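Biologist: Please take me through this model. I want to know what stands behind each label.

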Amino acid sequence: MRTHWKTLAVASLGVLSVSCKGMTMDQVARGVGQVVDNSAAAQKQRDECKKLDVEPTVQEEYAIGSAMAVHWVQGGGGLFSEGSRGTGVHSIHEYLNTVGKNLGAQSARPTLEWTFGVLNDDKNFNAVSTPGAYVFVTRKLLAELDNESQLAGVLAHEIAHIVLKHSIKQYNSAKVSLCQVAVTMEKNFPGSGQLIAAGGSGGNLDLDSDSALLGNLTEKVIALAESGNDREQEYAADKMAVRMMISAGYDPNEYRALLRKTEDGSSIGSRHPKKEDREKRIVAFLDGLKGRDGEFTELSLEGLRSPPLKPELVAAVKGSGRSGVAKDAK
């Protein structure tokens, strides 16, 4: 995996100097004993913070993505390793990356350095993704899949979130919010100087050179990610996932079977759509792909398959082992 992972060894994920979740900027500043600056100059700077809502550079995306990836690995009980279940684990990660990279190649961002891994979590049926093309699935999820098409569906869904830049939108929101907090407070927190400066210039950040800022932003983005994606984002990811599955030769009906394995619960928030609604939209999308006689179709539904999972994967993910605490962000 990328060297940005090493950056997070320095930037502890718990170093956020100011927690501003659910609070106004004035409340944040007063809560930590700082003077609130409501001058016209400060208001102008807060408006300039909105300029941070721009497309990040590739380096910036990989930095925040790898930081988030470290968080998900830590929260998921670590990566599934040889010590977790004995032999064959390396081949499982190779298998996951073979399936995943093939799907990533079908996406609108085929040149990303797609990286896939298994979290050592046997309690939560879950998959997560981050900017910079990191995708993780839990052991619990793998243990309940019926075939490779369902595995492809899980990975394609997370790939779609990355391609559609849903986490990037959360990252930009975090940048703007923290910048405005920094302007509001008379005494700034570590890393705030670069945020304010970037707000007045191009809006991009050098996170590799500022571990404090990287840690601050990571914690904020994780908090947003844990609240779940909204309905329209999930519908868009579902549709793109099905398209990728078809392009890669997988039976998209297995995606519907995959959805039935998930649970509608409060852990992912009320913004998340019900699985029945998601399945209805997939059926409508597939029906729309069926062309009339003599007409070419955008995607062919002929010759699609549902190959079995590799036996070593099935054997390795069954049984007991360490469990993690990863939350459902799928």
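Modeller: A charge sits over a ring if NZ of Lys or CZ of Arg is within 6 Å of the ring centre and within 35 degrees of the ring normal. Keep in mind that this is a predicted model: local features need pLDDT of at least 70, side-chain atom pairs count only at pLDDT 80 or more, and totals for chains, interfaces and linings use all residues. Residues are numbered from 1 along each chain as its sequence is written, and side-chain values use heavy atoms, with hydrogens and water left out.

Biologist: What makes Arg-281 lie over the face of Tyr-235?

Modeller: Arg-281 is at 3.7 Å from the ring centre of Tyr-235. The limit is 6 Å, so that distance qualifies. Arg-305 lies over the face of Tyr-250 as well, at 5.2 Å from the ring centre.

Biologist: Why is the pair of Trp-114 and Phe-116 called stacked?

Modeller: Rings of Phe, Tyr and Trp (its six-membered ring) pair if their centres lie within 6.5 Å; planes under 30 degrees apart count as stacked, over 60 as edge-to-face and the rest as tilted. Trp-114 and Phe-116 have 6.4 Å centre to centre and 20 degrees between the planes, so they pair and count as stacked. A search of the whole structure finds one aromatic pair.

Biologist: Why does Trp-114 count as buried?

Modeller: Buried means under 20% relative accessible area, exposed over 50%, partly exposed in between (1.4 Å probe, protein chains only). Trp-114 has 3%, so it counts as buried. Phe-116 has 2%, so it is buried too.

Biologist: Is Glu-55 buried, exposed or partly exposed, and how do you know?

Modeller: Glu-55 has a relative accessible area of 47%, so it is partly exposed.

Biologist: What does Glu-55 touch, leaving aside its neighbours within four places in sequence?

Modeller: Contact means heavy atoms within 4.5 Å. By that rule, Glu-55 is in contact with Lys-165 and Asn-204. Glu-55 and Lys-165 are 110 residues apart in sequence, and 9.7 Å apart in space, C-alpha to C-alpha.

Biologist: How do you know that β1 and β3 pair?

Modeller: Strands (E, at least two residues) are DSSP runs, as are helices (H or I, at least four), numbered from the N terminus. Two strands pair if DSSP finds at least two bridges between them. Five bridges join β1 to β3, so they pair. These two strands run parallel.

Biologist: Why do β1 and β2 count as edges?

Modeller: Three strands form an open sheet in the order β1-β3-β2. β1 and β2 each have a single partner strand, so one side of each is left without a neighbour in the sheet.
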